[in-house]
Every structure is written in C-alpha cells, then in structure tokens.
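Biologist: Before we discuss the terms used for this model, please show the sequence and the structure.

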Amino acid sequence: MLRTDKLVFEYIRRDEEGNVEGITRAVDNVNLDVKPGEFIAILGHNGSGKSTLAKHFNALLYPTEGEVFVDGMNTEDDSHLWDIRQEAGMVFQNPDNQIIGQVVEEDVGFGPENMGVPTQEIWERVEESLKTVGMLQFRKSSPNHLSGGQKQRVSIAGVIAMHPKCIIFDEPTAMLDPNGRKEVIRAARALNQVENITIILITHYMEEVIYADRVFVMDKGHVEMTGTPREIFSQVDRLKELRLGVPQVTLLAHELKKAGLPLPDGVLTREEFVEELKKIKR
Amino acid sequence: MLRDITLGQYYRTESVIHSLDPRVKLVATFAFIVSLFVANNFIGYVIAALFLAMVIYLSKVPPKFIFRGMKTIFFLLLLTMVFNLFLTPGTPIVSVWKFTITQEGLKMAAMMAVRLVFLITGSSLMTLTTTPNHLTDGLERLLRPLRLFKVPVHEISMMMSIALRFIPILMEETDKIMKAQMARGADFESGSLIKRAKSLVPLLVPLFISAFRRANDLAMAMEARCYKGGDGRTKMKPLIYEKRDRLAYLVIILYLVLIVVMGRILF
C-alpha cells in the first residue's frame with residue numbers, strides 16, 4: 001500500500017540573500033513497507049521526523065533522495081498527484097486549521113466537491129461518512145460550536161468521504177483532552193477493523209499505539225525500532241534512551257519485574273496486568 | 001460569548017424571502033437601488049415604499065429589527081438633509097441671517113432623506129434574510145461572466161467564505177492574546193489615543209504570526225483534500241432557480257417598468 005525506498009528529506013535553511021545557511025536532514029534513509037489493511041503506528045518525540053515522513057505519503061512533500069510509492073504510484077509522478085491524494089487521506093494536528101466549511105456537512109463535502117463527484121453522490125457520501133464517525137446529528141452545526149474531539153471526527157469524516165484506501169493521522173490527538181483523544185482513536189480503530197482502511201497513526205502518546213499491528217519508532221530521522229507493540233514495549237530501557245516513555249501499566253510491570261516478581265515483558269493493558277498478577281498469586 | 005457572533009445580521013426564520021435564491025436577492029437589491037435614483041416624483045416613491053413594505057411583510061423580519069440599522073446612519077441622514085436644505089439655490093421661503101431655505105431645497109432634502117432610508121432598508125433586508133455563505137455563493141455565480149476578463153471569481157468567493165469561517169476563531173485568539181498580555185501587565189485601556197494605538201502592537205504581532213501559521217496549515221489541509229481551484233469542481237449545494245425565483249424576477253421587472261413608466265407619464 002505504502003512503500004518508501006531509501007527515503008531522505010532535507011530542509012534547507014536560507015538567509016535573506018538565498019544562500020544556503022544550513023541543511024537539516026529530517027528524514028534519513030527510511031525504508032518502510034505497509035501492507036493493505038494494516039494499522040501502523042509511528043512513534044517519536046518532537047523533531048524525530050515523523051510528521052515530515054507523513055507528509056510524503058500525501059505528496060505534500062517530495063523526497064530529496066529515494067522514492068515513495070502509494071499503491072504502486074510514485075509520488076513524484078505529477079500525473080498521479082490527485083489519485084494519490086484521494087487514496088491516501090490525511091488528518092492533521094490542529095482541528096481548527098483543517099475545517100474549511102462553515103457548516104459540518106459542507107466541510108465533509110469539500111473533498112468530494114474538489115474531486116468532481118456529482119451532487120447527488122456527494123450528499124450520499126457525506127451522510128455515510130458522518131454516520132461512520134457518529135457525527136450525523138451535528139451535520140447542520142457550525143464547527144465553531146464543537147469540541148476538539150468532535151472537530152477531529154468531522155475532519156476524519158471529510159477524509160472518508162473521499163473514499164481513501166489509507167488514512168494518515170498526523171498527531172491527531174496532540175491538541176485534545178483525554179476524552180477527545182479516546183474518541184479519535186476509537187474512530188481510527190473502527191475504520192481499520194470495519195472498513196478495512198489502512199491506518200498510519202503518528203503520535204507521541206504511548207497508550208494510543210497498543211492496538212497497532214506494527215510500530216515504528218523514529219529518532220533523528222531514522223527508524224530505530226520496528227515490531228509489534230509488545231516487542232517494542234518489552235524494551236523499556238531502549239525506549240528511555242530514545243527519550244520515549246511506555247504506557248504506565250507497562251512501566252509498572254517492568255519495575256515490578258526488576259524488583260523480582262515473575263512478570264513477562266511488554267504488558268500492554270490493565271486487564272492483562274491483572275491477569276498476570278493473579279497467576280503469580282496462585 | 002465571542003464564538004456566538006454572527007457576521008452581518010442574519011435573522012433566522014422561514015419565509016418566502018429567506019428561501020429565495022441569493023442571486024435573485026442580489027439582483028433585486030441592485031434593481032431597487034437603481035429604481036430609487038430613477039424615480040424622481042412622489043408617485044415613484046410611493047410605489048417604492050409599497051414594494052418595500054410588501055417585501056418586509058413577506059420576509060417576516062420584525063420591522064424594529066430592520067429600523068435598528070437606521071440608528072447608525074442617523075447622523076449621515078441629518079447632515080445630508082441640512083446641506084440640501086440650505087445649499088440648494090431657488091425661490092427662497094425663509095431667510096435667517098446668511099441661511100436661506102428654498103422651496104427646491106426643501107424638496108431636495110425630503111427626497112434625499114427618503115432615498116437614503118429606503119436604500120439602507122432595502123440592502124439590510126437582503127443581509128437580514130441571506131446567510132453570508134449563501135451571499136458569497138450567489139456572488140460567485142453572478143460574477144462568473146467576469147472570468148472572461150481573467151477575474152478570479154471562484155478564488156475571491158473562496159477567500160470570502162474562508163475569511164467568514166475564521167473570523168470567530170481569530171476573535172477568540174485575540175481575546176486569548178489580550179488576556180495573556182494583560183496578565184503580564186499590558187494596558188490596553190488607559191492613556192491617550194496614540195498611546196492606546198501603540199499598546200496594540202504587542203497584540204497585533206502575535207495575532208498576525210498565528211494567522212499566517214493557520215493559513216499555511218489550512219492551505220496544506222485543502223491541498224491534501226484535492227483542492228485544485230475552481231475548475232472541475234462540483235457543488236454540494238448548487239444554486240438552481242425554482243418557480244418562486246422566476247416569479248420573483250418577474251415581480252422585479254414589473255416593479256422597474258412601473259417606476260420608469262410613472263416617471264415618463266408625469267413629466
């Protein structure tokens with residue numbers, strides 16, 4: 001579905017005369033291969049290059065070196081530009097800055113309008129996508145009156161209405177409260193499981209990646225770790241080196257294990273933790 | 001609350017006038033304004049008044065709502081009247097010191113006052129019965145022929161609707177920045193006019209920076225959703241003329257004919 005081949009991206013800083021002042025390598029030699037229907041999480045602290053990487057999947061940025069393929073199409077090939085943007089939808093961080101319409105349903109219809117979908121079908125798509133994210137009762141509301149989580153769900157609906165095969169979430173929960181975060185993650189998981197849409201979730205909240213099929217950990221533009229959430233979170237000390245934490249339960253289990261309790265590595269959820277503790281008690 | 005402000009002065013209710021196509025309302029307002037300047041006799045103004053009264057009745061907007069807008073132009077109205085009253089040459093009626101009121105002046109002042117009042121009433125009736133959104137849509141369609149002269153009509157209307165969407169957001173942001181600056185000892189309220197204007201700088205700079213940042217984000221979000229300008233775009237809510245719109249056009253034409261004919265017959 002998505003593939004990067006030795007991807008390198010450099011930000012070039014220039015002074016006022018246009019001379020090159022410095023080059024920052026934001027993405028450095030990244031090789032990824034995402035299969036259709038997968039739920040992928042990309043982790044990394046600020047400045048690790050994860051958002052820069054995400055923008056390559058939507059042809060918003062082009063590689064300095066290497067190549068990016070979306071569903072077999074090279075993003076540098078201009079003739080496929082709009083196909084790529086339709087197939088790989090994107091949800092951004094700030095909910096206010098990505099809603100264009102003044103009414104919820106108009107915003108959801110914005111993508112299909114741009115694609116030249118006939119009027120009747122736009123209405124069908126809008127209704128169906130608002131239903132998918134559970135925002136149908138707000139269709140006539142102004143986005144200014146919604147909560148952060150609701151706005152993000154409207155943005156997701158706006159992407160679904162374009163019938164993408166893949167959705168890239170670029171830190172969709174960074175500006176939300178815990179409730180809003182839950183709403184958005186629940187919507188993303190539902191899309192993956194029910195509609196079988198490939199999901200790339202970029203985040204720095206550890207709790208959000210435990211449902212992913214695979215996790216990539218990025219640091220300084222490199223992919224440092226790859227694996228299932230359990231494999232990744234078993235390596236608490238390695239994550240600490242990369243200035244990343246682990247979910248609280250995982251950390252607790254890790255510390256207890258160090259203190260001598262026979263617990264396994266990479267405990268992800270509270271329920272799992274309780275089960276493991278019960279086993280020890282017996 | 002700041003986020004509750006609505007732009008313009010849309011009055012939410014359901015009426016024939018509200019449901020008319022925005023293009024009809026724009027054209028009607030324009031025609032009405034023109035008619036006010038074509039009409040130059042008593043009968044003409046009576047017809048205009050009757051027409052206006054009919055539209056107000058049909059729009060179901062309470063008259064006090066409409067005339068509230070009048071307060072703001074009261075001073076302008078007074079000024080035009082005074083000037084017309086004293087400065088029109090003609091047969092004098094009363095003369096006090098250097099000021100002379102003439103017959104023509106009296107007539108002119110009355111006419112200007114009526115014109116102004118009708119003009120404001122007519123155009124505020126349009127904004128009272130049309131949402132800003134509809135208005136930009138209507139403008140886009142009406143101005144479409146200008147594309148032949150390379151006027152970016154779609155882009156202009158897109159800019160207008162984005163501006164409308166971001167006004168409440170930027171208002172909220174202004175409020176936030178203002179509070180943040182006040183918490184650090186900024187003073188926006190006291191001092192001379194110049195001092196107060198100067199104190200706005202630490203408010204405007206962050207506001208502008210954030211507006212640019214938002215614009216950048218929004219442009220990216222629009223591109224990611226396949227926005228490529230007006231060509232090849234379909235409409236979710238296309239403007240289609242219905243029977244009532246055609247009827248309204250007919251009424252407007254009849255009204256214009258009546259005004260012009262009345263002017264001819266009497267002079």
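Modeller: Apart from neighbours within four places in sequence, Ile156(A) is in contact (heavy atoms within 4.5 Å) with Val91(A), Val133(A), Phe169(A), Val184(A), Ala187(A) and Leu191(A). This is a predicted model, in which local features need pLDDT of at least 70, side-chain atom pairs count only at pLDDT 80 or more, and totals for chains, interfaces and linings use all residues. Residues are numbered from 1 along each chain as its sequence is written, and side-chain values use heavy atoms, without hydrogens and water.

Biologist: What makes a set of residues a nonpolar core?

Modeller: The members are buried Ala, Val, Leu, Ile, Met, Phe, Trp, Tyr and Cys residues joined through side-chain atoms within 4.5 Å, buried being under 20% relative accessible area (1.4 Å probe, protein chains only). The largest such core has 47 residues, of which Ile156(A), Ile167(A), Val217(A) and Phe233(A) touch the most other members. A second, separate core of 33 residues includes Ile40(A) and Phe57(A).

Biologist: Why is the pair Asp107(A) and Arg225(B) called a salt bridge?

Modeller: The rule asks for a side-chain nitrogen of Lys or Arg within 4 Å of a carboxyl oxygen of Asp or Glu. The closest N and O atoms of Asp107(A) and Arg225(B) are 3.6 Å apart, so the pair qualifies. The interface of chain B and chain A holds 5 salt bridges by this rule.

Biologist: What does the figure of about 3,200 Å² for chain B and chain A describe?

Modeller: It is buried area, the accessible area (1.4 Å probe) that two parts lose on being put together, summed over both. Of this area between chain B and chain A, 53% lies on carbon and sulfur atoms. On the side of chain B, Arg165(B), Arg225(B) and Met236(B) lose the most area to chain A, together 29% of what that side buries.

How values were computed:
Chains lettered and ligands numbered in written order. Buried < 20%, exposed > 50% of the residue type's maximum accessible area, 1.4 Å probe, protein only.
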